[in-house]
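Please read this briefing alongside the sequence and the coordinates.

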Amino acid sequence: MATRLMEPSDVFLNHRSTDTKRTVATQLYNNLRKHGINPFLDEKNMKPGDKLFEKINNGIMECKIGVAVFSPRYCESYFCLHELALLTALKKKVIPIFCDVNPSQLRVVNNTKWSKEEHRRFRWALDEAKHTVGLTYKSSKGNLSEFVTNASEIIIGSMKELENEDEMMDIHLPIPV
């Protein structure tokens, strides 16, 4: 049996499935793939038998950029907040997309199943994202196709900037003898 190795993901798409999977998240995934970018989207990258946190955490650790698609019920999801907190803790560049929600409306819910430490991590990551320049999409007024094209161009541009920064770091590192 041949072993199939997955390429590391360039972009991790963090989103609330019930809110944005059929709209922004999947279309963004498809558009990025068309441009040669390897995005991570749970339903596309995970298969039966995968360990949920292991696969997601590896996708986040491998990625260069995180895209957080905030939606009205995003903050109710442990997985969304866990992914955002990990992206932030690993100092990944996060591009927020505010889909049918304003940054000021985003608050971590008081869930008694979550520890105090988890609440603290989630609030910290959410505050970081709320204070990052992002994109806004209002489904009642916007053209989804145009929005996804624009967002993809911004993500691709950010990928190129990061690659250029990496190349500059390589140039300035002393060569061991």
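**Lead points**

Strands E3 and E4 pair in the parallel sense, with six bridges between them. The chain passes from E3 through helix H4 to E4, and this β-α-β crossover is right-handed. The model is a predicted one, and what follows should be read with that in mind.

- E3 is largely enclosed by the rest of the structure, because six of its six residues are buried.
- Neither face of E3 is left uncovered: Ile-65, Val-67 and Val-69 on one side are buried, and so are Gly-66, Ala-68 and Phe-70 on the other.
- In a regular strand, side chains alternate between the two faces of the sheet.

- Strand E1, which spans residues 11-15, is mostly covered, with five of its five residues buried.
- The burial of E1 extends to both faces, with Val-11, Leu-13 and His-15 on one side and Phe-12 and Asn-14 on the other.
- Val-11 stands opposite Pro-39 in E2.
- A right-handed β-α-β unit is made by E1, helix H1 (residues 17-34) and E2.

**Nonpolar cores**

- The largest nonpolar core has 26 residues, of which Phe-12, Phe-70, Tyr-74, Leu-84, Leu-106 and Leu-126 touch the most other members.
- Two or more residues of this core come from each of helix H3 (52-62), E3, helix H4 (78-89), strand E4 (93-99) and helix H5 (116-130).
- H4 gives the most to this core, contributing six residues.
- Apart from this core lies another, of 25 residues, which includes Val-69, Leu-144, Ile-155 and Ile-156.
- Leaving aside residues up to four places away in sequence, Phe-12 touches Phe-40, Ile-56, Gly-59, Ile-60, Cys-63, Ile-65, Gly-66, Val-67, Glu-83 and Leu-87.
- In soluble globular proteins, nonpolar side chains tend to be buried together.

**Cysteines**

- A search of the whole structure finds zero disulfides.
- Cys-63 is in no disulfide, and the nearest cysteine sulfur, that of Cys-80, is 15 Å away.
- With a relative accessibility of 2%, Cys-63 counts as buried.

**Salt bridges**

- Five salt bridges are found in a search of the whole structure, among them the pairs described below.
- Side chains of opposite charge can pair when their charged atoms come close.
- The side chains of Lys-93 and Glu-161 meet in a salt bridge, with an N to O distance of 3.8 Å. This pair links distant parts of the chain, since Lys-93 belongs to strand E4 and Glu-161 to helix H6 (residues 144-172), 68 residues apart.
- Lys-93 counts as partly exposed at 32% relative accessibility, and Glu-161 counts as partly exposed at 45%.
- Glu-117 forms a salt bridge with Arg-120, the closest N and O atoms being 2.6 Å apart. Because Glu-117 and Arg-120 are three residues apart in helix H5, about one helical turn separates them.
- Glu-117, at 40% relative accessibility, counts as partly exposed, and Arg-120, at 43%, counts as partly exposed.
- A further salt bridge brings together the side chains of Glu-76 and Arg-73, at 3.1 Å from N to O.
- The relative accessibility of Glu-76 is 39%, so Glu-76 counts as partly exposed, and Arg-73 counts as partly exposed at 38%.

Notes: Residues are numbered from 1 along each chain as its sequence is written. This is a predicted model: local features need pLDDT of at least 70, side-chain atom pairs count only at pLDDT 80 or more; totals for chains, interfaces and linings use all residues. Side-chain values use heavy atoms; hydrogens and water are left out. Buried means under 20% relative accessible area, exposed over 50%, partly exposed in between (1.4 Å probe, protein chains only). Helices (H or I, at least four residues) and strands (E, at least two) are DSSP runs, numbered from the N terminus. Two strands pair if DSSP finds at least two bridges between them. A crossover is right-handed if, with the strands pointing away from the viewer, the path from the first strand over the helix to the second runs clockwise. A nonpolar core is a set of buried Ala, Val, Leu, Ile, Met, Phe, Trp, Tyr and Cys residues joined through side-chain atoms within 4.5 Å. Contact means heavy atoms within 4.5 Å. A disulfide is a pair of cysteine sulfur atoms within 2.5 Å. A salt bridge is a side-chain nitrogen of Lys or Arg within 4 Å of a carboxyl oxygen of Asp or Glu.
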